[in-house]
Amino acid sequence: MKTKVLSVLSLATAAFMFVSSIISLILHPTLNNIATIWQTCLIIMIGSISLSAFIYRNMPLDKLPWLAIDIVFDLAVFLMIFIGLLNPDSIIRKPFGLGASFDYDIILSTLILVAGILGFKDSINILYNFSAKGQEVMVFTAIRLTAVFALLILGGILFVIIYEGIWAINWEFLTTPHRRLGQSGGISTVIVGTIWMVLGAMVISSPLGVGAAIFLNEYAKSYRVKRIITIAVSSLNGVPSVVFGLFGLAFLVTHFGISLLSGSIILGLINIPTIILTSQEALKSVPNSLREGSMALGATKWQTISEVVIPSAMPGILTGLIMGVAKASGETAPIMWTAVTFTATPMQMMYGIIPNVFQPVNNLDYHLLNLIYFLGAWDVWTKAWGTALVLIALVLGTNMMAILLRNHYRKKISW
Amino acid sequence: MCPSCMGLSKTGLRRRYKEHFVETLLFLSAITSIVVMILIFYYMIHESLRAFATIGIFNLLFGQKWHPVGDIYGMLPLILAAFIVTILALIINIGVGVPLAIFLAELAGPRSRALLKPAIELLAGVPSIVYGFLGIIFLVSYLQDSYYMLTGRSILAGSILLGIMFLPYITTISEDALRAVPSEFKEGSLALGASRWQTIRYVTIPAASSGITAAIILNIGSIIGETMAVLLVVGNVARLPSPIFNIFAQGATFTSVIAGEMGEAAHGSLHYHVLFAVGFILLIVVSILNIIADLTRARIRRKFGGY
């Protein structure tokens, strides 16, 4: 009973040390006040762990050295602060010639973090009598903490962009072109350019991607042909975006110049594997009985596919296409040298509806890249955040549409 | 008239031609990927040939200096920095991503899973330029202030950013692999008296290991090939770090050098061709990794039949 109270006490202390040291590592405050609290924590930790180990009757002897090591570590940290070996002026300057120095705050927080983790381990072990159950609790806590940590980071990314970017968004920002190197004005030409380029990419990639998926799933009879095409698709999927940029520079720019057309073709090629893979999944999920039923009624193969198979697989195919839109709007490297310009260029239209495909255009990603380069030199802070928010809204909005569509039909369709 | 068309009416004949026409069109769209792959390889080789011929393959790959102004090109600094960045990013990636996958697959309740899974998938779509932007504003300034670095733009910053950036990918694929493990495996282990953690540790993870391995290999490819985020935070100074393990130094990877210097390289100059050579090496490395990942995946399919 007494051990239980003691280990709960040391557990709470360990948790406090863990959380506070992580916070101080990240926020990097001056540690005048909290150092005293941490010293108290260390004392409590040493006392409760050694006391509970002392009271505890069935202490497995082979675990004792580990406890001893942890207690010695806590004691060493405490003494280092107490005798002033570790004081607010201490700093490890460029150890081993590394390009960084570690000051009091960092060293102390790290030591306390380690002490907290060790204390947590020992208290759980004592609480659960060094059983497998204790191990499970420990690992599951660690996994949960990691998950929380990851989700905090990922959620923080979204929060920060929305929080900082929302102040830049207004009607003028969305409807006027940028002026004075992006310092004033808005991003209208940038949005229009991005939309046209992504549209062009979809015009190129959707028929090719969906057609390839239909061929692979419905027509290809030879295993070898199928295998070769599949390998080509997966290697195309893995080609780094910057290599696509180089390819476009060498191949397309020599023919079409730096233009909307080159950019659309490159983005279209990047999209093809995504569309093929998702469409194939969708086609695979259409049951054979539907095909056989249609064939039995005398329909030809293409009639069956166009009237029965494609409509049934439509939600899945659409999901793939929407994901393609999101992917194409988020790429920077492939279009940097092939399609874009930073100067505000309004889209020239031919016959009022078709854009002139041989002109360079503005693009959200490239615009943001340039604003980042200007950050220190010119006052583009809010404009950069605004651009990032619009970009994120565009990409995540389309992605969310795809995910919702997929989940909706996954629930609804039951063959 | 072909023998097989004998006895067909006129409409039947037209139908048959239409069928053939459609099939040919679909076949052509299916081989687009092959054609594009061949074109990419052709153009990368074609444009980088001059660099290999002028400098020599060995000197280009293992030269210790990268100095475009003096037309001195050695890729060793790039290879080393890319290697360090990839390893460190992968450690962060696996250390956070795999536990997150275990959490989603084994520990999370159905409702939190229904919320978290789409959220993580959604985050996979955040453009890399946005990660670079946030990396510059938060990560670089944090490192610079906290560790008294000359500049926060460093190999370490690049590694952390890439490690976080590819979390969603490794999590989704690893989670799928963990879920694909038949529940009979787990139930058998639990029935034998193993705890939940022992089951995960000794049954689920080993059974899903090929899937997780494939996810990791794919991620290595993505990390090496990532461009914009790295370009912005890694400092883009192609110099061998001294000492060699100095992760607080500025560095330059394959991708950051290409993206950073292509804008300044005159078309047709040696610099231009060398950058293509860097891209070609990158393409080879990533392709090899992709093939390995593909083979690993094929192995799981054989092992579990359909998973």
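In chain B, the centres of domain 1 and domain 2, taken over C-alpha atoms, are separated by 49 Å. This is a predicted model, in which local features need pLDDT of at least 70 and side-chain atom pairs count only at pLDDT 80 or more, while totals for chains, interfaces and linings use all residues. Residues are numbered from 1 along each chain as its sequence is written, and chains are lettered from A, with ligands numbered from 1, in the order in which they are written.

**Domains and overall dimensions**

- Domain 1 of chain B covers 3-30 and domain 2 covers 58-304; such bounds come from an automatic or database domain assignment.
- Chain A is divided into domain 1 (2-130) and domain 2 (171-412), and the C-alpha centres of these two domains lie 52 Å apart.
- Chain B contains 13 helices and two strands, where helices (H or I, at least four residues) and strands (E, at least two) are DSSP runs numbered from the N terminus.
- The radius of gyration of chain B is 25 Å, well over the 19 Å that the globule rule gives for 307 residues, so chain B is more spread out than a compact globule. This radius is taken over C-alpha atoms, and the rule is 2.2 Å times the number of residues to the power 0.38.
- The C-alpha trace of chain B spans about 80 × 70 × 35 Å along its principal axes.
- Chain A has 14 helices and six strands.
- Chain A has a radius of gyration of 31 Å, whereas a compact globule of 415 residues would have one near 22 Å.
- Taken along the principal axes, the C-alpha atoms of chain A fill a box of roughly 85 × 65 × 40 Å.

**Interface between chains A and B**

- The contact takes 75 residues from chain A and 76 residues from chain B; two residues are in contact if their C-beta atoms, placed from the backbone, lie within 7 Å.
- Helices of chain A that each supply at least two residues of the side touching chain B include helix 5 (132-165), helix 7 (188-219), helix 12 (301-329) and helix 14 (381-412).
- Helix 5 of chain A gives the most to this side, with 17 residues.
- The residues of the side of chain A that touches chain B divide into 55 nonpolar, 15 polar and five charged. Ala, Val, Leu, Ile, Met, Phe, Trp, Tyr, Cys and Pro count as nonpolar, Asp, Glu, Lys and Arg as charged, and the others, Gly among them, as polar.

- Helix 7 of chain A and helix 1 (residues 10-30) of chain B pack at an angle of about 110°, with their axes 7 Å apart. Axes are lines fitted to C-alpha atoms, for helices over the stretch in contact, and angles run from 0 to 180 degrees between N-to-C directions.
- Helix 7 of chain A and helix 1 of chain B are therefore roughly perpendicular to each other. Angles of 65 to 115 degrees count as roughly perpendicular, under 35 as roughly parallel, over 145 as roughly antiparallel and the rest as oblique.
- Among the residues that make this contact are Leu208(A), Phe215(A) and Tyr219(A) of helix 7 of chain A and Leu25(B), Leu26(B) and Phe27(B) of helix 1 of chain B.
- By class, the contact of helix 7 of chain A with helix 1 of chain B has 11 nonpolar, two polar and one charged residues.

**Helix packing within each chain**

- In chain B, helix 4 (residues 76-107) and helix 8 (residues 167-180) pack at about 45°, with their axes 8 Å apart, and are therefore oblique to each other.
- The contact of helix 4 with helix 8 of chain B includes Ile94(B), Val98(B) and Glu106(B) of helix 4 and Ile170(B), Ser174(B) and Arg179(B) of helix 8.
- The residues of the contact of helix 4 with helix 8 of chain B divide into 11 nonpolar, four polar and three charged.
- In chain A, the axes of helix 3 (residues 64-82) and helix 4 (residues 104-127) come within 10 Å and cross at roughly 150°; helix 3 and helix 4 of chain A are therefore roughly antiparallel to each other.
- Leu67(A), Asp70(A), Phe73(A), Asp74(A) and Val77(A) in helix 3 of chain A meet Leu111(A), Ala115(A), Leu118(A) and Asp122(A) in helix 4 of chain A.
- The contact of helix 3 with helix 4 of chain A has six nonpolar, no polar and three charged residues.
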